[in-house]
Amino acid sequence: MVLYFFWTVFLFLFTFVIGIIAPLAGVGGGVVFVPLITAFSPFNIDYIRGVGILVALTSALSSVPTTVNRGLASLKVVTPLAIVANITAILGSSFGIMVSNVFPKGKYYIILALGVLLFIVLAVIALSRRVEFPEVKKIDLISKKLDLRGSWYEPSLDEVVEYRSTNLHIALPLFGIIGFIAGMFGLGAGWASVPILNLVMGLPIRVAVSTSMLLISINASAAAWVYISRGAVLSILVVPSILGMTLGSRISAILVLRVRPRTIRMAVIGIMFIAAILNVYKGFIGLYGGG
Amino acid sequence: MAKVEEMDSLFARIVKLSYYAGLVLMFISAVLYFIGINQSLSPHIIIERWGESTTIFWKDIDNLLNYKYLKNLQYSDSVILLAVTLITLTPLAGIILAISRAKLVYKILLLILVLELIIAVLQPLYFKI
């Protein structure tokens, strides 16, 4: 029972800290939660992914009402992307659960793949640039027909900024891939969707981040059912994680103007790098370590 | 001021309501669960099996599998899962209500999205892994 209470309290404190520092570092909660808990906890990866997808869902849901009401995210832009990403997210979560349950060493394949994916995440974070107000020169036909545009009041400029989105035909297949990865590993995958929304679809960075959160809320809600129905959502993991993440995100929103994001960002990237190495190591030992 | 579409503001309102309702329900049922009232799955079993895959974990117990927790709401951990269900259904509820305020092309796209989300809820019951 001591073990039980230790993990309940630990998960609450851990997700509380992630809830504070992950948004300040510019990454989502899921991408920090899943690899670190996989590396350091005794839980099977099925339950970690089940909770990871719910952590991503709740942290997205806590910000969505505010950003949507401010015009920073809209169903207009998100709906076509969500239609594609939902299908692949369901396939991804079913595939992930199948691999870890059907193959004798399936969970180690997932852990190894998660470690490799984390290196890719770190590369994307390090290499992708962010354009505050991208210039959209040409609008593709589908985006024009769907009238993918909006506006929001930007306090730093003291004016209403209008934006348009483009290249939907390029973005759709990319979001198909993102949906699969998100479902399979129990991540929100904002690290992948923000650069595509910003650099490919031409959305201003603030709109891209908010749109990504709205998309994650829909996408994760589709992927989560596979985990819920398969019993991959245990009370001991889900309750402290969701409550910790919700409280942490609230504090993060207050702290965002008072701290130096660069230092925190470097610290989070460092921790994720260690988690990536540990997951690759754990996966290899599980598969080839003679166990 | 920025112009926010009617479908978006309605969606945001529903999300806020449903999400907070889910959180409150989760908090109350979690307090009951963690002080040991009406647990369907004892902490001892969880500790014994939390390293196993879901197939092995639920081999001889299935009272929470495949949404069966909805039929066992006398247990505090079933109510926790009901709260999780409510939170997970939040975007779907918001989208369903937003359809009424959407333009025709978005009515169609949102209907497709609703259909997908309903399939997502039901598919684990029909496609067993």
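# A guided tour of chains A and B

Begin by selecting the boundary between the two chains, where 64 residues of chain B are in contact with 68 residues of chain A. The model is a predicted one. Together, chain B and chain A bury about 5600 Å² between them, and carbon and sulfur atoms give 72% of this area.

The rule finds 1 salt bridge across the interface of chain B and chain A. To display it, select Lys76(A) and Glu5(B), which form a salt bridge with their closest N and O atoms 3.2 Å apart.

**Chain A**

Chain A contains 11 helices and 2 strands. Followed from the N terminus, its elements run α-α-α-α-α-α-β-β-α-α-α-α-α. The radius of gyration of chain A is 19 Å, close to the 19 Å that the globule rule gives for 291 residues, so chain A is as compact as a globular protein of that length. When the view is turned along the principal axes, the C-alpha atoms of chain A fill a box of roughly 60 × 40 × 35 Å.

Now colour chain A by accessibility. Of its 291 residues, 62% are buried. The accessible surface of chain A amounts to about 11200 Å², and 70% of that surface belongs to carbon and sulfur atoms. A further selection concerns contacts within chain A: among those between residues at least 6 apart in sequence, 81% join residues at least 24 apart.

Asn167(A) is not a glycine, yet it has a positive phi of about 55°. With a relative accessibility of 23%, Asn167(A) counts as partly exposed.

**Chain B**

Along the principal axes, the C-alpha trace of chain B spans about 55 × 35 × 25 Å.

Buried residues account for 50% of the 129 residues in chain B. Its accessible surface comes to about 6500 Å², with 69% belonging to carbon and sulfur atoms. Among contacts in chain B between residues at least 6 apart in sequence, 60% join residues at least 24 apart.

**A surface patch and the loop beside it**

Select Val24(B), Phe27(B), Ile28(B), Val31(B), Leu32(B), Ile35(B) and Ile37(B), which form a nonpolar patch on the surface. Together these residues have about 630 Å² of accessible area. One of them, Ile37(B), is found in the loop between helix 1 (6-34) and helix 2 (43-49) of chain B. Ile37(B) is partly exposed, its relative accessible area being 40%.

The last stop is Asn38(B), which is also found in the loop between helix 1 and helix 2 of chain B. The phi of Asn38(B) is near 50°, a positive value in a residue other than glycine. Its relative accessibility is 45%, and Asn38(B) therefore counts as partly exposed.

Terms used:
Residues are numbered from 1 along each chain as its sequence is written. Chains are lettered from A and ligands numbered from 1 in the order in which they are written. This is a predicted model: local features need pLDDT of at least 70, side-chain atom pairs count only at pLDDT 80 or more; totals for chains, interfaces and linings use all residues. Side-chain values use heavy atoms; hydrogens and water are left out. Patches are made of residues with over 30% relative accessible area and no salt bridge: like charges are joined within 9 Å, nonpolar side chains (Val, Leu, Ile, Met, Phe, Trp, Tyr) within 5 Å. Accessible areas come from the Shrake-Rupley method with a 1.4 Å probe; for residues, only the protein chains shown count as cover. A salt bridge is a side-chain nitrogen of Lys or Arg within 4 Å of a carboxyl oxygen of Asp or Glu. Helices (H or I, at least four residues) and strands (E, at least two) are DSSP runs, numbered from the N terminus. Buried means under 20% relative accessible area, exposed over 50%, partly exposed in between (1.4 Å probe, protein chains only). Contact means heavy atoms within 4.5 Å. Buried area is the accessible area (1.4 Å probe) that two parts lose on being put together, summed over both. The radius of gyration is taken over C-alpha atoms; the globule rule is 2.2 Å times the number of residues to the power 0.38.
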